[in-house]
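Subject: Structure handover

Hello,

Here is the structure we talked about. My notes follow below it. Please read them with the model open.

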Amino acid sequence: MTIDFYWRLPTHGCHNSIRTSGYERGDWSPLASGNIAPGLDAGGEPDGFAYIDHLAEIAKAAEAVGFQGGLIPSFPNTDDPWVISSLLARETKSFRFMIAFQPGFGNPVHTARAAASLQRATGGRLLFNIITGGGGPAQLWWGDSFAHDDRYGRTSEFLDIFRGIWESSAFSYDGRFYQLRNGGLPSLLRQEEFPEIWFSGSSDAALQTAARHADYYLSWLEPFDQLGDKFARVKERTAALGGEQKCAVRVDLVARATEEEAWRDIRAGFENVSEETRQRWRGQATDSIGAARQAALRPSDARHYDELIVAPNLWGGFNLLRGGPALGIVGSYEQCAAQLDELIARGADAFILAGTPHLEEAYRVGEEVLPLLGRETASLLQAAE
Amino acid sequence: MTLAIHWRLDPAADRQRSEPGLQPPLPDFIRDRRAANRNRFDYYVQVAEAAAQTAFDGLFIRHRIQSDESRIIAAVVARAVPRLHIIPEFPASVGSAVYAAKQATTFQRGTQGRLGWAIAPDADHIGRERESDPLGDEELSERLDEFLTVARGVHEQRPFSFKGRYFEVQNGGFEAPLTRFAFPRVYLQGEDDEALALSARHADVHLFRPATAAELADSVARLGELAAAEGRRVAAGLIQPLLTRGDAGQAADDASGQTLPPGALVGSYDQAAEQLARHADAGIAEFVLSAAPGLEEAYRTGQEVLPRLRALTARARKAA
């Protein structure tokens with residue numbers, strides 16, 4: 001048994017530091033001197049580099065230190081994971097591209113053909129984080145008017161077809177959302193390995209769909225007891241259906257040589273959060289259960305960073321610093337490694353880690369934290385065999 | 001008027017090229033050093049490189065359901081080959097128009113704005129059943145109309161809302177920096193009035209099939225009238241298969257041994273350049289040229305026909 005570690009490609013620009021709120025990498029903040037990808041040349045004009053050039057650097061860092069690959073998130077104002085993966089296919093060697101994708105956004109046959117083509121372009125390095133959508137105004141922004149539980153039904157049918165035409169040259173299907181007759185990928189494409197499916201979603205509808213289709217059930221970090229229970233529930237439910245479900249967690253880290261140094265960065269970052277950012281987090285509408293659970297931490301109402309320490313080395317204000325989930329790990333290299341060990345003990349089979357800035361932190365976490373993992377984990381994994 | 005000349009990559013042609021499973025084995029006594037992990041993506045990049053080195057303006061990538069997906073190929077070759085415009089062809093049945101438009105913004109941002117969109121004709125009824133596309137024949141044109149309205153709408157307007165039969169968006173539209181580059185140049189095709197009317201509303205370029213210069217001049221005029229009625233200008237293009245050789249006799253000999261696509265231009269380099277120049281005179285502003293095999297013929301066309309064609313059209317421009 002092994003544990004897989006992934007990194008993340010930030011698809012909405014990146015900061016020079018966890019302490020700052022501007023996007024000095026990419027063009028999500030107004031271009032200023034010192035910005036990169038794109039930067040400004042001596043005459044003050046864009047220098048011809050693009051944000052993809054910085055993403056290429058991060059992907060190469062992640063594969064160099066032993067991450068399997070990286071999650072490539074997709075939101076309204078991010079770059080797109082399919083295009084990023086295709087652009088970077090030939091300049092990475094082992095990096096696996098985990099595309100975040102909402103099945104409702106593509107015709108299933110066309111999407112399967114694109115996926116198989118990308119498998120061919122990358123030598124089989126594609127996998128999916130299937131998202132079924134946060135709902136609310138954002139779904140309509142995307143042009144998707146389906147209700148929450150319908151979306152899970154649609155995702156399930158989409159994946160039935162996706163797999164069906166990958167395995168057969170004459171696949172027929174008569175679903176509520178999709179019908180097809182005699183569909184199938186061309187033989188050259190069908191030879192490619194079917195991509196691993198990672199699944200997110202905390203509602204009952206999500207768990208049911210995951211049990212049917214997912215290789216990995218992916219959760220944001222939650223308080224450890226709560227997360228351990230959730231993983232146990234997911235694994236039981238899948239076992240009851242005769243399957244086996246691996247569980248994964250995505251978590252941001254601030255790992256430093258000492259714990260004091262790590263909290264200093266958190267404190268400085270927290271004190272730089274603007275009132276506007278807090279307001280934005282207060283006002284978000286969603287029908288995602290996972291997002292609502294995280295919002296219950298109410299990080300936007302905290303006045304001091306230490307009000308958000310929910311357990312030793314566990315801080316609940318990450319969303320204020322860089323968007324995404326609220327809960328993350330803060331500590332020395334040894335403490336961070338111990339926390340990851342603890343998550344493995346509670347049923348995590350894989351991780352998507354991240355830190356800001358993503359390039360330098362890929363090296364730091366890969367070189368300083370991962371090698372410390374596991375005296376307990378190693379014996380645990382051995383015992384399991 | 002400057003001509004834009006594109007080479008057409010057919011992902012389903014030259015099937016055995018770089019594809020380990022389809023290549024014949026070498027004799028035992030030859031030590032085989034071919035990498036097991038090569039495949040036609042290596043060849044696509046090579047064709048794109050050939051087109052760039054021989055001064056084509058762009059690479060047009062055909063929509064072929066029996067091979068790799070054109071937009072994946074497009075992004076792979078765009079990153080590998082500088083300068084060249086990349087025009088993948090795909091049908092409006094791909095899915096969400098918002099998602100397609102959003103993918104286009106990333107492509108544009110990553111390639112300094114080198115993407116074009118060619119909309120492929122829809123599959124026939126049986127083909128659409130295979131592709132989980134439930135529409136009837138009579139709905140296809142309206143879907144394409146909505147697809148392009150929404151795709152361009154979310155790129156160029158914010159907030160953008162739309163409620164049609166096939167697509168619905170509420171309070172949509174992209175923000176900076178996604179909109180830093182223009183919406184891709186749109187290429188549409190089709191010979192009938194409905195296709196021309198759709199182009200008049202949505203296309204930057206309408207691509208015609210091979211025809212005589214006189215026929216093309218009529219089509220170009222008709223396109224111009226329809227576009228003017230919409231308050232727009234639409235450039236005329238031509239998809240032109242070729243078989244060109246150093247002399248006309250050789251071209252005719254080679255042509256007699258094979259099945260050519262309809263309307264293929266067969267002749268010497270001079271004859272081909274002269275005919276294409278007449279088409280340019282008739283109002284064709286963009287050419288999508290093709291010949292098989294894709295790599296060797298890209299070099300031949302780029303090195304032999306293009307310089308002659310560009311010299312002729314430059315002379316005509318000067319005379320005017």
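Just after helix 9 of chain B, Gly283(B) takes a positive phi of about 115°. Helices here are DSSP runs of H or I with at least four residues, strands are runs of E with at least two, and both are numbered from the N terminus. The model is predicted, so local features need pLDDT of at least 70 and side-chain atom pairs count only at pLDDT 80 or more, while totals for chains, interfaces and linings use all residues. Residues are numbered from 1 along each chain as its sequence is written, and chains are lettered from A and ligands numbered from 1 in the order in which they are written.

Helix 9 of chain B covers residues 269-281. Its 13 residues reach 18 Å from first C-alpha to last, close to the 18 Å expected at 1.5 Å a residue. That expected span is 1.5 Å times one less than the number of residues. Buried in this helix are Tyr269(B), Ala272(B), Ala273(B), Leu276(B), Ala277(B), His279(B) and Ala280(B). They cover an arc of only 155° around the axis, which puts them on the same side of helix 9 of chain B. The arc is that of the directions from the helix axis to the C-beta atoms. Buried means 20 or more other C-beta atoms within 10 Å of the residue's own, exposed means 12 or fewer, and partly exposed is in between, with C-beta atoms placed from the backbone. The cover over these residues includes helix 7 (213-229), strand 9 (235-245), strand 10 (265-268), strand 11 (284-290) and helix 10 (294-319) of chain B.

Next, a helix pair. Helix 5 (residues 140-156) and helix 6 (residues 193-202) of chain B pack at an angle of about 10°, with axes 11 Å apart. Axes are lines fitted to C-alpha atoms, for helices over the stretch in contact, and angles run from 0 to 180 degrees between N-to-C directions. The two helices of chain B, helix 5 and helix 6, are therefore roughly parallel (under 35 degrees; over 145 is roughly antiparallel, 65 to 115 roughly perpendicular, the rest oblique). Ser141(B), Leu144(B), Asp145(B) and Leu148(B) of helix 5 meet Glu194(B), Leu198(B) and His202(B) of helix 6. Contact means C-beta atoms, placed from the backbone, within 7 Å.

Most residues other than glycine have a negative phi, and most peptide bonds are trans. The bond from Arg158(B) to Pro159(B) is cis, with omega near 0°. Pro159(B) sits in the loop between helix 5 and strand 5 (160-163) of chain B. Ala176(B) and Pro177(B) are also joined by a cis peptide bond, with omega about 5°. Ser18(B) is not a glycine, yet its phi is positive, about 65°. With 18 C-beta neighbours inside 10 Å, Ser18(B) counts as partly exposed. Arg83(B), again not a glycine, has a positive phi of about 75°. Arg83(B) lies in the loop between helix 2 and strand 3 (85-90) of chain B.

Last, the chain contact. It takes 44 residues from chain B and 43 residues from chain A. Helix 3 of chain B gives the most to the side of chain B that touches chain A, with nine residues.

In chain A, look at helix 13 (residues 333-345). Ten of its 13 residues are buried. Just after helix 13 of chain A, Gly347(A) takes a positive phi of about 110°.

Best wishes

Conventions
Contact = placed C-beta atoms within 7 Å.
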